[in-house]
Amino acid sequence: MRISLNKYKIFSNAKINIGLNVFQKENDGYHEIDSIMAPIDLSDEMDIIFYSEAGKLKIECSDKNIPTDERNILFKTYKIFFEESKKEKEKIDIYLKKNIPSEAGLGGGSSNAGFFLKLLNKHYGNIYNEKELEELAMKIGSDVPFFIKNKTARVGGKGNKLEVIENNLKDSVILIKLIDFGVSTKEAYNSFDNLKEVKYADFDKIIKCLKDNNRIVLESHIENSLEQGILKINTDIKMLKITLNSVISGKKFFMSGSGSTYYTFVTELEKSQIETRLKTFVDNVKIMICKIIN
């Protein structure tokens, strides 16, 4: 018996939130959000083999802290795709090389799921169109539909409302992530629920600034509701923010998603100087330079 192999290598990229507004919890226990998400060129790598025979999904991962059993979002993606498409489950192996830190607010897991879902769809002959894929992605996780489009977008509702927007921002992005420390999404939302007052981002102004490549004005309109909650309860994050502001005065640092990553926009001229200062004066962090992809 000959087994036909189909091998793919895919790169699933991270995202940053350019502002994040979270609203009061709904009756179903979930929060509505309003955010602008932008894809960045920091990517995980997935080597995927389809065996064209009945079987199961098997995952190996370069990061030993990431579960490779049913708890991994790729399992959920696999399960939902085969159940919804009524196809017989086939044997698939994935080797996942993690470059996007987890519990970082960068959407690493959601990205893996979104890109794997797109590949499953393509491999089996494009069963679903983009809109249907987004609906399927919503069943996997609230950030997954964004990665189906993978373009700068205003994301609303519970992640199910997507509107692609023009993004002409030329600057690079420096990410600063605490090593051996993450913030779980649940923890971030719980801390938000206890806030007395919330400052909100102005997305109409942010959208205009992205279109006009006006970074200076853009920065004055960015707020992150989850960060406001986390800063109240988490001393590690609070210390990181204070350190960043004192090491590089005059620069603004923003939290992505539910954290724990901060980022700052830098011009080509500032890039290496700011990276060097961060590496010299901020301990226990991973620093990554990337670009927004559009």
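A: Two strands count as paired when DSSP finds at least two bridges between them. Helices (H or I, at least four residues) and strands (E, at least two) are DSSP runs, numbered from the N terminus. The model is predicted: local features need pLDDT of at least 70, side-chain atom pairs count only at pLDDT 80 or more, and totals for chains, interfaces and linings use all residues. Residues are numbered from 1 along each chain as its sequence is written, and side-chain values use heavy atoms, leaving out hydrogens and water.

Start with β3. Five bridges join β3 to β4 (residues 90-97), and the two strands run parallel. E60 has Y95 as its bridge partner in β4. From β3 the chain passes through α1 to β4, a left-handed β-α-β crossover. Right-handed would mean a clockwise path from the first strand over the helix to the second, with the strands pointing away from the viewer.

β3 has two faces. L57, I59 and C61 make up the covered one; K58 and E60 lie on the uncovered one. In a regular strand, side chains alternate between the two faces of the sheet.

Now the loop. N72 sits between β3 (57-61) and α1 (73-85). Beyond its neighbours within four places in sequence, N72 contacts I59, I66 and P67, with heavy atoms within 4.5 Å. I59 is 13 residues away in sequence, with a C-alpha to C-alpha distance of 8.7 Å.

The N72 side chain reaches two backbone atoms: the oxygen of P67 at 2.9 Å and the nitrogen of L74 at 2.9 Å.

Note on methods
A polar contact is a pair of N or O atoms within 3.5 Å; within protein, one must be able to donate a hydrogen and the other to accept it, and residues adjacent in sequence count only if both atoms are side-chain atoms. Buried means under 20% relative accessible area, exposed over 50%, partly exposed in between (1.4 Å probe, protein chains only).
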